[in-house]
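Welcome, and thanks for taking a look at this model.

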Amino acid sequence: MKAILSIRDLVKRYEGGFEALSGVTLEIEKGEILALLGPNGAGKTTLISTICGITEATSGSVSVGGHDIVASFRDARRLIGLVPQEINLEPFEKVINTVRFSRGLFGKPKDDAFLEKILRQLSLWDKKDSRVMELSGGMKRRVLIAKALSHEPEVLFLDEPTAGVDVELRKDMWEIVADLKERGTTIILTTHYIEEAEAIADRIGVIAKGELLLVEEKQALLTRMGQKQLQIDLAEPVTALPDALSHYDLEIVQDGEAVLYTYDTRGERTGITSLLADLAKAGLVMRDLQTKQSSLEDIFVGLVAEDAA
């Protein structure tokens, strides 16, 4: 399938030499959800701003739906919806007029029925005649989302869309994302709520210091890089482990009432059978045990820490 968004060797360098993007290359297929994770200052917002024409790239190329964002800016930008981090709305305008204006700005014909559907999905319909300045911060965030969806974009960028908002808006937002995905909309999401990315994304990208560290299917990433941990609860607490167990990757936890064993799920053998036997030989009595799979957050933190080293 041909990519709807194609990024080639994208570099953004500011005066003074700071490089916010260092040769980013990425292809995103129509209808997929890509979650872009990275610490503050990693380059996530710069990447989105460059694709949307807010920031000019130093070098490299980007095309959206086959339209180069420089040579065919209007055609490319017409396909894009953007929910930015910052709330920047006309305070004296009514909600409905704000959303209508955005739709018209992209050359779409008037369609109040479609706009009503969006506003109802975002619990904004009863606020349609309110001025933006009268809304709460969470409601203003909803207006931003409505504006981004008003012209029916094929590619939607969500730059920290639920940061600092209430649980209800987050729930509404992800219901809309699920609906858009069913309709074939491509979604690129940046978020600090990694559990949300893990729940809805098809692929995961990790960016740090302007470099794309990886882009991989979510489940494949979890399988490839995931580790499992076996927690063994002990009948009697310990302060130190016997020397006979020193060759195992063990950690004393819960004030000595348990030990944690980390193992690679890709290994031919987990070592659990021999560990349990050696525990018994060493006189440690097992009370209970449980396993835990590495989460996407664990993997993300590990990748970023490795890059910073």
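In what follows, Ala, Val, Leu, Ile, Met, Phe, Trp, Tyr, Cys and Pro count as nonpolar, Asp, Glu, Lys and Arg as charged, and the others, Gly among them, as polar. By these classes, the lining of the largest pocket has nine nonpolar, seven polar and four charged residues. This is a predicted model, in which local features need pLDDT of at least 70 and side-chain atom pairs count only at pLDDT 80 or more, while totals for chains, interfaces and linings use all residues. Residues are numbered from 1 along each chain as its sequence is written, and side-chain values use heavy atoms, with hydrogens and water left out.

**The largest pocket**

- A pocket here is an open set of points on a 1 Å grid over the protein atoms alone, with protein on both sides within 12 Å along at least five of seven lines; a cavity is a set of points where a 1.4 Å probe fits but cannot get out, and lining residues have an atom within 4 Å of a point.
- Grid points are joined across faces, edges and corners, and a volume is the space filled by probe spheres set on the points.
- The largest pocket holds about 460 Å³ of space.
- Its lining has 20 residues, and Arg 77, Leu 82, Pro 84, Leu 144 and Lys 147 are the closest to its centre.
- At least two lining residues come from each of H1, strand S6 (80-83), helix H3 (95-105) and helix H5 (137-149).
- These labels follow DSSP runs numbered from the N terminus: helices are H or I with at least four residues, and strands are E with at least two.

**The largest cavity**

- How many cavities of 30 Å³ or more are there? The count comes to one.
- About 50 Å³ of space lies in the largest cavity.
- Its lining has eleven nonpolar residues, with no polar and no charged ones; among them are Leu 5, Ile 28, Leu 36, Phe 157 and Ile 188.
- S1, S2, strand S3 (33-37) and H1 each supply at least two residues of this lining, and H1 gives the most, with three.

- Buried means under 20% relative accessible area, exposed over 50%, and partly exposed in between (1.4 Å probe, protein chains only).
- H1 is largely enclosed by the rest of the structure, because seven of its eight residues are buried.
- The buried residues of H1 include Lys 44, Leu 47 and Ile 51.
- Thr 46 sits in H1 (residues 44-51) and counts as buried because its relative accessibility is 15%.
- Contact means heavy atoms within 4.5 Å; leaving aside neighbours within four places in sequence, Thr 46 is in contact with Lys 12, Tyr 14, Ala 20 and Leu 21.
- Just after H1, Gly 53 takes a positive phi of about 85°.

- Strands of a sheet pair through backbone hydrogen bonds, either parallel or antiparallel.
- Two strands count as paired if DSSP finds at least two bridges between them.
- Strand S1 (residues 3-13) and S2 are joined by eight bridges, and Arg 13 has Glu 19 in S2 as its bridge partner.

**The six-stranded sheet**

- Another open sheet has six strands in the order S6-S7-S8-S3-S9-S10, with mixed pairing.
- S6 and strand S10 (211-217) are the edge strands, each pairing on one side only.
- S6 pairs with strand S7 (residues 155-159) in the parallel sense over four bridges, and Ile 80 stands opposite Val 155 in S7.
- H5 packs on this sheet, touching S6 and S7, with its direction at about 175° to that of S6.

**Strand S13 and its partners**

- Six of the seven residues of strand S13 (residues 258-264) are buried.
- Strand S11 (residues 227-234) runs antiparallel to S13, joined by seven bridges.
- Strand S12 (residues 250-253) also pairs with S13 in the antiparallel sense, over four bridges.
- In the hairpin of S12 and S13, with four residues between the strands, Gln 254 takes a positive phi near 55°.

Terms used:
Axes fitted to C-alpha atoms, helices over the stretch in contact; angles between N-to-C directions.
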